[in-house]
Amino acid sequence: MAKVSSDELGAEPIGKLLVKQAVPASIGILVMSLNILVDTIFVGNWIGSIAIAAINVVLPVSFFIAALGMAIGIGGSSIISRALGADNKQKALKTFGNQISLTLLVTISMVALGMYFVDDLIPAFGGKGAIFEPAKVYYVIVLYGVPFLALCMMGNTVIRAEGKPKFAMIAMIIPSVGNLVLDYIFIFVFDWGMHGAAWATTAGYLLCFGYILYFFLSKNSELKINFRCFVFDSNILKEIGSLGFVTLARQAVTSVTYLLLNNILFNLGGEPLVAVYAIIGRMLMFALFPVFGVTQGFLPIAGFNYGAAKYARVKESIYTAIKYAALVATLVFVVLMVFPAEIADLFLSDRTDLPAKDMETNAYVLKHAPLAMRLVFLATPIIALQLIGAAYFQAVGKAVPALLLTLTRQGFFFIPLILILPGFFSEMGVWWSFPIADVLATLVTGWYLRKEIRSLN
């Protein structure tokens with residue numbers, strides 16, 4: 001693979017550069033999302049729909065701890081992109097070393113706490129009734145690998161900050177493919193059930209970590225740090241913290257949202273309704289992969305050019321990213337509106353030898369998931385503005401507006417809606433909360449972004 005310099009972020013045409021950055025990011029996210037999707041299909045067909053609900057309960061906890069790594073990665077990568085744009089390589093190196101030290105310290109501490117409070121956390125996130133035992137099995141095993149996942153998520157954002165999206169793409173593909181292969185071996189061949197699903201996921205994290213470690217030790221990386229870089233620098237930590245807190249707050253709110261939704265849905269309809277949301281949750285991760293890919297590709301371009309004071313290129317990158325993301329979001333919307341029943345059917349087995357509880361849950365999910373999916377994704381065509389707008393402020397180091405816009409959709413609108421509407425409209429109130437929150441958040445983000453663009457000179 002040819003060596004790529006970060007200087008290209010400030011020189012190549014924006015459209016070409018965004019494609020070069022976004023396509024590998026989209027492919028990587030696609031493969032990772034496919035991994036989550038197929039993993040869920042395997043679990044649903046080979047273990048049962050209760051197992052799908054169990055995994056959905058565990059994800060907020062493990063993803064929150066892993067998101068600590070992503071928060072540190074995105075916060076530090078914003079500094080690295082701007083430092084490289086300003087030709088301050090020493091600051092970039094020191095930032096990367098501090099990212100590694102901070103990720104290890106924070107995630108290992110959080111895993112220890114997660115293990116200690118396991119029996120309290122799982123029920124709190126909706127792991128009740130028949131869901132509790134399989135959720136606990138999955139949770140404990142997956143948590144072993146979460147520090148490695150956090151390091152992977154941190155390292156992946158740094159690779160993008162260097163302007164090397166193809167390597168970041170490979171880092172996302174390797175664990176996904178490994179996980180799917182091991183899913184087949186551990187679940188289908190060895191018949192390990194939930195243990196197999198969990199160990200396949202953890203092994204995938206280890207594979208990803210191995211590749212990222214290889215990248216930074218190889219000649220492909222510009223960031224060759226020494227031991228002095230691992231010593232904490234208070235100014236860098238403060239900047240990483242302020243920008244990374246945006247990502248962490250987003251994931252924290254996401255975890256709270258899962259907690260609320262799983263409990264609200266369990267109270268409204270028990271395990272079957274939680275299973276419906278589990279499938280929709282997977283589609284929320286999978287279906288929007290090209291939009292997230294454009295957003296990931298946009299971040300280093302905006303950050304580098306802002307650091308180099310090339311504001312015309314910053315504006316062009318915003319407009320181009322919104323245009324590309326809106327196009328792919330509309331295509332996703334059409335597919336989801338036309339084929340919701342076929343999509344839901346993929347997740348469930350037509351076996352007749354499953355326990356009666358699973359058979360009843362399957363029938364319920366197949367009946368109710370299509371309409372729920374249509375409602376949840378109703379505002380998909382407009383979310384590009386929301387995602388690119390929030391990402392811009394984070395990319396250029398403006399932590400306060402980035403935090404506010406990140407929290408707008410879920411924290412300010414969605415959570416209040418799911419607490420209020422189900423009291424009037426039962427589960428339909430939950431599903432309608434998604435598009436209403438998307439519309440309101442997009443309007444707020446559009447106002448902030450328009451004001452910011454006018455100020456760029």
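How do the residues of the lining of the second largest pocket divide into nonpolar, polar and charged? In this predicted model, the lining divides into 12 nonpolar, two polar and no charged residues (Ala, Val, Leu, Ile, Met, Phe, Trp, Tyr, Cys and Pro count as nonpolar, Asp, Glu, Lys and Arg as charged, and the others, Gly among them, as polar). Local features need pLDDT of at least 70 and side-chain atom pairs count only at pLDDT 80 or more, whereas totals for chains, interfaces and linings use all residues. Residues are numbered from 1 along each chain as its sequence is written, and side-chain values use heavy atoms, with hydrogens and water left out.

The second largest pocket has a volume of about 190 Å³. Grid points are joined across faces, edges and corners, and a volume is the space filled by probe spheres set on the points. Of the 14 residues that line the second largest pocket, Val61, Phe64, Ile65, Met110 and Leu121 lie nearest its centre. Two or more lining residues come from each of helix 2 (49-85), helix 3 and helix 8 (234-286), and helix 2 gives the most, with four. Helices (H or I, at least four residues) are DSSP runs, numbered from the N terminus.

The largest pocket has a volume of about 300 Å³. Its lining also comprises 14 residues, with Phe96, Ile100, Phe209, Leu213 and Phe216 nearest the centre. Helix 3 (89-116), helix 5 (132-161) and helix 7 (194-217) give two or more residues each, and the largest share, five residues, comes from helix 7. By class, this lining holds 12 nonpolar, one polar and one charged residue.

Three cavities of 30 Å³ or more were found in the whole structure. The second largest cavity has a volume of about 140 Å³, and its lining includes Ser77, Ser78, Ser81, Arg160 and Gln296. At least two lining residues are supplied by each of helix 2, helix 5 and helix 9 (289-307). The lining of this cavity has five nonpolar, six polar and one charged residues.

Note on methods
1 Å grid on protein atoms, 1.4 Å probe; cavity = no way out; pocket = protein on both sides within 12 Å on 5 of 7 lines; lining within 4 Å.
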